[in-house]
Amino acid sequence: MTMDVIRADERVKAAIGDDMTDNFWIGGHINVEASGTGDAQFGIPIHGARGKGTVFSHLVRNAGQWSMRLLVSRIDGVEAPIVLKNEDHVPIPNAAIGI
């Protein structure tokens with residue numbers, strides 16, 4: 001779900017390249033309860049012909065359905081992040097982000 005949105009974003013493709021791919025090793029956690037609730041937070045390294053960076057996402061699960069709450073891409077060497085989704089209006093600093 002996270003990478004589908006990232007791959008479709010023209011700003012990220014312009015910064016990373018059309019050949020963008022994610023790294024096999026990602027960081028984060030996922031928690032799913034039997035009740036159908038849960039949450040997930042990921043840090044996913046991405047790279048392409050034009051550059052590399054990291055995607056940060058936060059998803060929430062209610063009634064068995066996932067909802068993306070936050071999706072931010074940080075491109076190496078670029079101070080301003082690319083904010084694709086910020087449903088909870090979380091302040092996104094220009095410096096390094098930690099979710």
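Predicted model: local features only at pLDDT ≥ 70, side-chain atom pairs only at ≥ 80, totals over all residues.
Local features required pLDDT of at least 70 and side-chain atom pairs counted only at pLDDT 80 or more, whereas totals for chains, interfaces and linings use all residues. Residues are numbered from 1 along each chain as its sequence is written, and side-chain values use heavy atoms, with hydrogens and water left out.

The chain contains 2 helices and 6 strands, assigned as DSSP runs numbered from the N terminus (helices: H or I, at least four residues; strands: E, at least two). Their order from the N terminus is α-α-β-β-β-β-β-β. The C-alpha trace spans about 45 × 25 × 20 Å along its principal axes. For 99 residues, a compact globule would have a radius of gyration near 13 Å, and the 14 Å of the chain agrees with this; the radius is taken over C-alpha atoms, and the globule rule is 2.2 Å times the number of residues to the power 0.38.

Of the 99 residues, 36% are buried, where buried means under 20% relative accessible area, exposed over 50%, and partly exposed in between (1.4 Å probe, protein chains only). The accessible surface of the chain is about 5800 Å², with 53% belonging to carbon and sulfur atoms; areas come from the Shrake-Rupley method with a 1.4 Å probe, and for residues only the protein chains shown count as cover. Among contacts (heavy atoms within 4.5 Å) between residues at least 6 apart in sequence, 38% join residues at least 24 apart.

The structure holds 4 salt bridges, each defined as a side-chain nitrogen of Lys or Arg within 4 Å of a carboxyl oxygen of Asp or Glu. One of them joins Arg7 and Asp22 at an N to O distance of 2.6 Å. This pair links distant parts of the chain, with Arg7 in helix H1 (residues 2-8) and Asp22 in strand S1 (residues 21-22), 15 residues apart. Arg7 is partly exposed at 35% relative accessibility, and Asp22 is partly exposed at 29%.

A salt bridge is also formed by Asp88 and Arg69, whose closest N and O atoms are 2.5 Å apart. Asp88 lies in the segment after strand S6 (82-86) and Arg69 in strand S5 (residues 65-75), so the bridge ties together parts 19 residues apart in sequence. Asp88 has a relative accessible area of 42% and is partly exposed; Arg69, at 22%, is partly exposed.

Within helix H2 (residues 10-16), Lys13 and Glu10 are 3 residues apart, about one helical turn. Their closest N and O atoms are 3.1 Å apart in a salt bridge. Lys13 is buried at 19% relative accessibility, whereas Glu10 is exposed at 54%.
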